[in-house]
Amino acid sequence: MTAASLRIPRRDPVAGFGLSLGVTLVWLTAIVLVPLLALVLRPWEIGVSGVLASLAEPRVLAALRLSFGAAFLATLCNLPLGLLLAWVLVRYRFPGRRLMDAVVDLPFALPTAVAGLALTALFATNGWLGAPLAMLGIKVAFTPLGVIVAMAFVGLPFVVRTVEPVLRDLPLEAEEAAATLGATRPQVLRRVVLPALAPALLTGFGLSLARAVGEYGSVIFIAGNMPMVSEIAPLLIVTRLEQFDYAGAAAIGLAMLLISFAVLLCLNLTQRWLRRGRR
């Protein structure tokens, strides 16, 4: 009997990898890939010219511009605020900290329609915040500014919860060493803390942006839904569906899918570049 015949077959160190991978791929295909494939194929029923004509309508372009533009501005506002909230929750201990931590997750649990009604009542011209702002000439409810406010509300927790664990694991020794070498607090923040948090901030930015772009329930109540002014793309998709224009609705959905994929791809590549730069 040779040594080769006595060799014990190598086993996969991860038990059940093949079965787990197969179930995961089947589930992913059924839940994600098949609906996306249907969305990609449905618009072409009206032909290439029909899809282009549907997307070139001024109302569609205005809705897409508002959805992505407002989502981008809302996410930009969420970045410093989310970083500040994560910093306070991680670095300080104070009365009411647990309550603040729970409030951050409120947009996750609150139904979007309820959030929209609450924001509309709050920022209406006779609301608690809307009335003082109206005296200053700033109208929030039923304007594009209201769309930005609603998107910022639903997207803020994504930034906080993405940055918070990275900030908690960030060692204080690097900040203390920079301080002992004479660095000021802004310099420590700019040269030590922010570079370490940059990948997490980009991830939070992408999650918050994706959430804001697809938001519907909390936006339609405060937006006013005026075509060419405050009408978002998801609402226009619903309008097309109510008109039985399924191909036109799918064309708008396809445009949103492609734009979102391109933005997330750019963020992913930037995040990978930042991680390589830190090595």
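This is a predicted model: local features need pLDDT of at least 70, side-chain atom pairs count only at pLDDT 80 or more; totals for chains, interfaces and linings use all residues.

Student: What describes the geometry of two packed helices?

Tutor: Two packed helices are described by the angle between their axes and the distance between those axes. For α3 (residues 58-91) and α10, the angle is about 135° and the axes are 9 Å apart.

Student: What makes α8 roughly antiparallel to α10?

Tutor: Helix α8 (residues 144-169) and helix α10 (residues 185-213) pack at about 155°, with axes 8 Å apart. Angles over 145 degrees count as roughly antiparallel, and therefore α8 is given that description relative to α10. The crossing of α8 and α10 is right-handed.

Student: Which residues of α8 and α10 meet?

Tutor: From α8 they include Met151, Val154, Phe158 and Val166, and from α10 they include Ala196, Leu201, Leu207 and Arg211. The residues of this contact of α8 with α10 divide into 14 nonpolar, five polar and one charged.

Student: How do you know that the rings of Phe108 and Phe158 form an edge-to-face pair?

Tutor: Two values are set against two cut-offs. Ring centres must lie within 6.5 Å, and planes over 60 degrees apart count as edge-to-face. The centres of Phe108 and Phe158 are 5.1 Å apart and their planes stand at 90°, so the pair is edge-to-face.

Student: What parts does the pair of Phe108 and Phe158 tie together?

Tutor: Phe108 lies in helix α5 (residues 106-109) and Phe158 in helix α8, so the pair ties together parts that are 50 residues apart in sequence.

Student: What makes Phe244 and Tyr246 an edge-to-face pair?

Tutor: Their separation is 6.3 Å centre to centre, with 80° between the planes. The limits are within 6.5 Å for the centres and over 60 degrees for the planes, so Phe244 and Tyr246 form an edge-to-face pair. By this rule the count comes to three aromatic pairs.

Student: Why is Phe244 called exposed, and why is Tyr246 called partly exposed?

Tutor: Exposed means over 50% relative accessible area. Phe244 has 62%, so Phe244 is exposed. Tyr246 has 36% and therefore counts as partly exposed.

Student: What is noted about the phi of Phe244?

Tutor: Phe244 has a positive phi of about 60° although it is not a glycine. Phe244 is in the loop between α12 (233-242) and α13 (246-278). Phe142 also has a positive phi, of about 65°, and is not a glycine. Phe142 is in the loop between α7 (130-135) and α8, and at a relative accessible area of 37% Phe142 is partly exposed.

Student: Why does Ala63 count as buried?

Tutor: Buried means under 20% relative accessible area. Ala63 has 2% relative accessibility, so Ala63 counts as buried. Ala63 is in helix α3 and, leaving aside its neighbours within four places in sequence, is in contact with Glu231, Ile232, Ala233 and Leu236.

Student: At what angle do α3 and α12 pack?

Tutor: The angle between α3 and α12 is about 140°, with their axes 8 Å apart. In α3, Arg59, Val60, Ala63, Leu64 and Ser67 meet Ala233, Pro234, Leu236, Thr239 and Arg240 in α12. This contact of α3 with α12 has six nonpolar, two polar and two charged residues.

Terms used:
Residues are numbered from 1 along each chain as its sequence is written. Side-chain values use heavy atoms; hydrogens and water are left out. Axes are lines fitted to C-alpha atoms, for helices over the stretch in contact, and angles run from 0 to 180 degrees between N-to-C directions. Helices (H or I, at least four residues) and strands (E, at least two) are DSSP runs, numbered from the N terminus. Angles under 35 degrees count as roughly parallel, over 145 as roughly antiparallel, 65 to 115 as roughly perpendicular and the rest as oblique. A crossing is left-handed if the near helix is turned anticlockwise from the far one by less than a right angle, and right-handed if clockwise. Contact means heavy atoms within 4.5 Å. Ala, Val, Leu, Ile, Met, Phe, Trp, Tyr, Cys and Pro count as nonpolar, Asp, Glu, Lys and Arg as charged, and the others, Gly among them, as polar. Rings of Phe, Tyr and Trp (its six-membered ring) pair if their centres lie within 6.5 Å; planes under 30 degrees apart count as stacked, over 60 as edge-to-face and the rest as tilted. Buried means under 20% relative accessible area, exposed over 50%, partly exposed in between (1.4 Å probe, protein chains only).
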